[in-house]
Amino acid sequence: MGQPAKPRRLDHSLPDWEGVAASIPIGIVSTQGKQIVWANERMAELAGVADVDLLRGLFLADHFSDTGGGLPDSEMPRAVECALVRPDGETRTVTCRPVDVRRPDGRTGACVWSIEDVSHARTLEAELLRMSKELHGANRELVGLRERVRRESHEREQLLTVVSHELRTPVTIINGYNRLLLSEQVGPITDEQQRFLAESSKACHRLDAFIANLLEAGRFGTDGEVLEISHGPLGPVIGGVVEALGPLLEEAGLRMEVELAADADRARFDRLRLDQILTNLVANSIKFSPNGGTIRIETRRLPVSAGDAGRDAVEIAVYDEGPGVALPDRERIFEPYTQVGEQSRAGGLGLGLAICKRLVEAHGGSIAVRARRDRGSAFAFTLPLDSTVSGNEGGA
């Protein structure tokens, strides 16, 4: 076997640190005593001078301003944060750290400093602190607003409870006596007296609906509706609403038409709430339709792609011949206490459509208004299709 190869001697000498420092993106300065003897290009850029030679011989501390953390001192080197002052007056926040550079013989060489620009980081920290203070203040305001809203909501509910009792009780009594007199159980009445009593009953009906809307408005902002959902036909509910509003239709000289599509005559709904939705929509149509006009209720089946929550739906639309709703107002009109166009001159509180929207969305549906081709509006809302309907693949 041959002789083993002799191990190579390792070169323990350090590379030229100045050559390495010249290529890194942090300012590097070498001082002798307190004066600068060498700097890299990055330091010249930070100091705002065109050439590194312009830094040689200058006192290191003259380039900095104390911001509370001290200045770089070659005789007592320690890390400090201060302001680097450029010739144009601009200052940058920098950190100055002494670097331990040793010669191959182990002796310490000149004092070397790394100068790092942290202006952007400090600006971000200051901005973050400012935003944190603003957020804290906003949170305190929000807590106060929530408490105020809670208190006002409680007071409003109490007021509405009193209003409900004080108004509904006499309305019920008046309407009861009207029915008793109209039945002629206590004696015959003349045709004129019958007409007066019928008008009084209609006024009671309108006032009762007004009170119902007031009470419903008091529920805005609560945890939502509790519905008693069942599967059933739409015809009886629509027919009941039309019959109940018959005196108002007759008084306004309006005709009512109802057309239920064969594949859209059943849905999933809360009967009481559906009655409330339709009553509000039809009553609105009566209010704004011209004498001799026609109000029409139609249903149609919507496919999965057009339905709500990815399932088949039934659309119920109420068509009127009123003044219509301007395009910019077609979403705003469903907000509480909002009246637009001729609505603002018709009286009321602007709650009916907001209540309809709340109830329709509680069913998982949606409601919207669209313009008719000639004159008037179509208020349309959706309900889930009855899952027992034949061919309903998307029913829940």
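Trainee: What is the mean pLDDT of the chain, and what share of its residues reach 70 or more?

Mentor: This is a predicted model, and pLDDT is the predictor's confidence in each residue. Of the residues, 83% reach 70 or more. The mean pLDDT of the chain is 81.

Trainee: Over residues 7-15, how many contacts beyond four places in sequence does the model have?

Mentor: The pLDDT stays under 50 over this stretch. Where pLDDT is low, the predicted coordinates should not be read in detail. With that caution, the number of contacts over residues 7-15 is 3.

Trainee: In S10, which residue is the bridge partner of Arg-255?

Mentor: Strands of a sheet pair through backbone hydrogen bonds, either parallel or antiparallel. S8 and S10 (residues 294-302) pair in the parallel sense, over 6 bridges. The partner of Arg-255 in S10 is Thr-294.

Trainee: Around the axis of H5, how wide an arc do the buried residues Val-237, Ile-238, Val-241 and Val-242 cover?

Mentor: Helix H5 spans residues 235-244. Its buried residues pack against elements including S7 (230-233), H6 (246-252) and H7. They lie on the same side of H5, because the arc they cover is only 135 degrees.

How values were computed: Residues numbered from 1 in each chain as written. Predicted model: local features only at pLDDT ≥ 70, side-chain atom pairs only at ≥ 80, totals over all residues. Heavy atoms only, no water. Pairing = 2+ DSSP bridges. Helix = DSSP H or I, 4+ residues; strand = E, 2+ residues; numbered from the N terminus. Buried < 20%, exposed > 50% of the residue type's maximum accessible area, 1.4 Å probe, protein only. Arc of directions from axis to C-beta. Contact = heavy atoms within 4.5 Å. pLDDT = per-residue confidence, 0-100.
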